[in-house]
Amino acid sequence: MLDINFEFRRGVLFIRLRGVLVKNTIKEFDSCVTTLIRDNGIRNVVFNVSDLTKIDLKGISRLFYNYELCKRNRGVSLLCCVDNYNIHEKIKSTRLFKYMVDVNDELSAFNFIE
């Protein structure tokens, strides 16, 4: 199960993910997140993954795809609160951190974008 919470503050969309971002939840992620970013031309996005318990390669590829959407919109996409060791190692092994900056918290992400 995947719960998605949105907050839009001063030009930055904060997306808080809770649960699992895996093959079975990608459709829900796309219908909520990807559609919102693509259809509204959102530039700056912060993915808060502090409450994410599991991610697979499909989930990581969707995060990268949304990074690319933000980049096309002349913005940035960041990850924050990658505290879960297993999730951190999975993301690290795919080299996603090469593209998406990892910050400690939402305030740091907001300051990075500003």
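**Exercise 1. Which span should the 16 residues of helix 2 have at 1.5 Å a residue, and how far apart are its end C-alpha atoms?**

Solution. The structure is a predicted model, in which local features need pLDDT of at least 70 and side-chain atom pairs count only at pLDDT 80 or more, while totals for chains, interfaces and linings use all residues. Residues are numbered from 1 along each chain as its sequence is written, and side-chain values use heavy atoms, with hydrogens and water left out.

Step 1. Helices (H or I, at least four residues) and strands (E, at least two) are DSSP runs numbered from the N terminus; helix 2 covers residues 57-72.

Step 2. The expected span is 1.5 Å times one less than the number of residues, so helix 2 should span 22 Å.

Step 3. The end C-alpha atoms of helix 2 are 22 Å apart, which agrees.

Step 4. After helix 2 comes Arg-74, which has a positive phi near 65°.

**Exercise 2. Identify the buried residues of helix 2 and what covers them.**

Solution. Step 1. Buried means under 20% relative accessible area, exposed over 50%, and partly exposed in between (1.4 Å probe, protein chains only).

Step 1. The buried residues of helix 2 are Gly-59, Ile-60, Arg-62, Leu-63, Asn-66, Tyr-67, Leu-69 and Cys-70.

Step 2. An α-helix has 3.6 residues a turn, so residues three or four places apart point the same way.

Step 3. The cover of these buried residues includes strand 2 (12-21), helix 1 (26-40), strand 3, strand 4 (77-80) and helix 3 (85-93).

**Exercise 3. Classify the ring pair of Phe-64 and Tyr-99.**

Solution. Step 1. Rings of Phe, Tyr and Trp (its six-membered ring) pair if their centres lie within 6.5 Å; planes under 30 degrees apart count as stacked, over 60 as edge-to-face and the rest as tilted. The structure holds four aromatic pairs.

Step 1. For Phe-64 and Tyr-99, the centres are 5.1 Å apart and the planes stand at 70°, so this pair is edge-to-face.

Step 2. The pair links distant parts of the chain, 35 residues apart: Phe-64 belongs to helix 2, and Tyr-99 to the loop between helix 3 and strand 5 (101-103).

Step 3. Phe-64 is partly exposed at 29% relative accessibility, and Tyr-99 is partly exposed at 39%. Ring pairs join Phe-64, Tyr-67 and Tyr-99 in a cluster.

**Exercise 4. Describe the surroundings of Glu-7.**

Solution. Step 1. Glu-7 lies in strand 1 and is partly exposed, at 29% relative accessibility.

Step 1. Contact means heavy atoms within 4.5 Å. Not counting residues up to four places away in sequence, Glu-7 touches Val-12, Leu-13, Phe-14 and Arg-16.

Step 2. A polar contact is a pair of N or O atoms within 3.5 Å; within protein, one must be able to donate a hydrogen and the other to accept it, and residues adjacent in sequence count only if both atoms are side-chain atoms. The Glu-7 side chain makes such contacts with the side chains of Arg-9 (3.2 Å) and Arg-16 (2.7 Å).

Step 3. A charge sits over a ring if NZ of Lys or CZ of Arg is within 6 Å of the ring centre and within 35 degrees of the ring normal. Arg-9 lies over the face of Phe-14, 4.3 Å from the ring centre.
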